[in-house]
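Please find below some notes for a colleague who has the coordinates open. They are set out as numbered points, to be read alongside the model.

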Amino acid sequence: MTEPAFFILTALLDAPRHGYGIVAEVAELSRGRVQLKIGSLYGVLDRLVGDGQVELDREEAWQGRLRRYYRLTERGRHALDAEAQRLAANARLASTRLRERRNPITGTPS
Amino acid sequence: MSRLEERYRFVLRLLPAAYRQEWEDDMVAAFLDSMDTGDSETTAYVTDYGRPSLSEVASIVSLAVRLRLGGADAPPRSYAWGQAVRLATLMAMLTHAVMITTSIAVTLWLSGKIAWLPAPASEWTITPPSSIWHTAWNLAGYAWLPAYIALVLGHRRVAQAVALLAVVPPAITTAVQQAGDVPLSVSSWAMLLIDVVLLLAMAAFHHGAPPVPRRPWLLALPVGVLLVPVPLFTIQATTPALRLLDWPGLSCAAVTAAMVIHLTVRVSRRPRNLPWSLALTLLAVTTLAQRTATLPDYSDQAQHTTLATIASVQAIAVLAVGVPLAVLAIRALRRLPPIPATQRPTTPTE
């Protein structure tokens, strides 16, 4: 799973969101590190919709335009859960190794 | 519709029509939301005079490349075009790498560094460059070799960055020379234009693209050196008449030979042939355009009638083999299902 896909699925966990809502939520979740462009967002979104991980929740009129809200499916939730566990396992592995390799002089991790 | 929306929709026309049909309005809504500054006056100004940023345009271009030149999981037509562009790019890069490798070997031979080969004739001695700066500048063209290897090994961005080193110095040299007293020549600009197209075509090696089979493409480098430039150099050294074969002419000959071989073997390997047919068609169109565009350069040469006749024969040869191949490729392409609209996100019934 790519990092943008991971953040998009995470952004949709708590509530359905429209296109720009996802962009804003991803920026906030990643503390500004992941700034999705619209082309990148829809490049990922159409794959997630195609894979059945995201689906349309509703359409709402806003300032003369139609906003589509997207929500996470059960399949998307499972995929995100699996990816989160994989990343957590990787992080645990690295942390354990870092703790084991302490600097012999200072006693701090080298 | 505001000017900003018009401009953004114009950029979105890069995307396939079926994709736009499903996603365009939503993308426009999201984009306009992203341009909302929160202050009504500023937002009104931006919607009248603003333009999509370069990074926004780049994200659309990248999406368009991914959709039109698809990877293994793309619809068949998109995948066929994607593979065709990737194969054509690899073949063009391989040609550069082969010629550069030969050029390095010839330079070493002429400067007496390859002792086991017979010494070159006295009229072939190379003139040493006037400064280290000139030497470095001339070496820039050699960057095609590492660029090709990087592309085959799957490092697309490295390949593009290295290839840029091979394109920029010759462009500056040509511009400076032609601004001075060197007569204007189409050939050098045509070759640079092709190199720039090649640089851009590397974008087809995106994340979704299948990896390049390393062994055959790496093996193609020494095989290519032994099959084309070495015999050609030897023949031209002994038969002065063949020195009339210039770079566009050599490209025509190589592409025609490749197309003939492809047409001969395609009967037995039909299913895998379409991307190769399209790739060779793309190369045939490029070489034909290069051959035609460089014809005016012959006008001030002593043997211009002979050269123009040879060039016409080369162009006819490319057309004679390229047109039937293109017809076969287009027919095969039409038999494939078109690029479908992506699954429309439908509202599920609660």
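Which helix of chain B gives the most to the lining of the second largest pocket?

1. Helix 4 of chain B gives the most to that lining, with seven residues. Please keep in mind throughout that this is a predicted model, and that the volume of the second largest pocket, about 990 Å³, is computed from it. Of the 30 residues that line this pocket, those closest to its centre are A:Ser40, A:Arg47, B:Ser62, B:Arg66 and B:His207.

2. On the elements around the second largest pocket, at least two lining residues each are supplied by helix 1 (3-11) and helix 3 (38-50) of chain A, and by helix 4 (54-68) and helix 8 (156-179) of chain B. Within chain B, domain 1 (3-66) and domain 2 (69-335) each provide at least three residues of the lining. Sorted by class, the lining of the second largest pocket holds 12 nonpolar, 11 polar and seven charged residues.

3. Turning to chain A, its secondary structure comprises four helices and three strands, which follow the pattern α-β-α-α-β-β-α when read along the sequence. Of the 110 residues in chain A, 39% are buried. Among the contacts in chain A between residues at least 6 apart in sequence, 45% join residues that are at least 24 apart.

4. Strand 3 (residues 65-72) of chain A pairs with both of the other strands discussed here, with strand 2 (residues 54-62) in the antiparallel sense over eight bridges, and with strand 1 in the antiparallel sense over two bridges.

5. The pairing can be followed at individual residues: A:Trp62 stands opposite A:Arg65 in strand 3 of chain A, while A:Arg17 has A:Tyr70 of strand 3 as its bridge partner.

6. Which residues is A:Glu83 in contact with, once neighbours within four places in sequence are left aside? They are A:Met1 and A:Phe6.

7. A last point concerns B:Pro222, which is found in helix 10 (residues 214-227) of chain B. B:Pro222 counts as partly exposed because its relative accessibility is 43%, a value between the limits of 20% for buried and 50% for exposed. B:Pro222 and B:Ala97 are 125 residues apart in sequence, and their C-alpha atoms are 9.8 Å apart in space.

Conventions: Residues numbered from 1 in each chain as written. Chains lettered and ligands numbered in written order. Predicted model: local features only at pLDDT ≥ 70, side-chain atom pairs only at ≥ 80, totals over all residues. Heavy atoms only, no water. 1 Å grid on protein atoms, 1.4 Å probe; cavity = no way out; pocket = protein on both sides within 12 Å on 5 of 7 lines; lining within 4 Å. Points joined across faces, edges and corners; volume = space filled by probe spheres on them. Nonpolar A, V, L, I, M, F, W, Y, C, P; charged D, E, K, R; others polar. Domains from an automatic or database assignment. Pairing = 2+ DSSP bridges. Buried < 20%, exposed > 50% of the residue type's maximum accessible area, 1.4 Å probe, protein only. Contact = heavy atoms within 4.5 Å.
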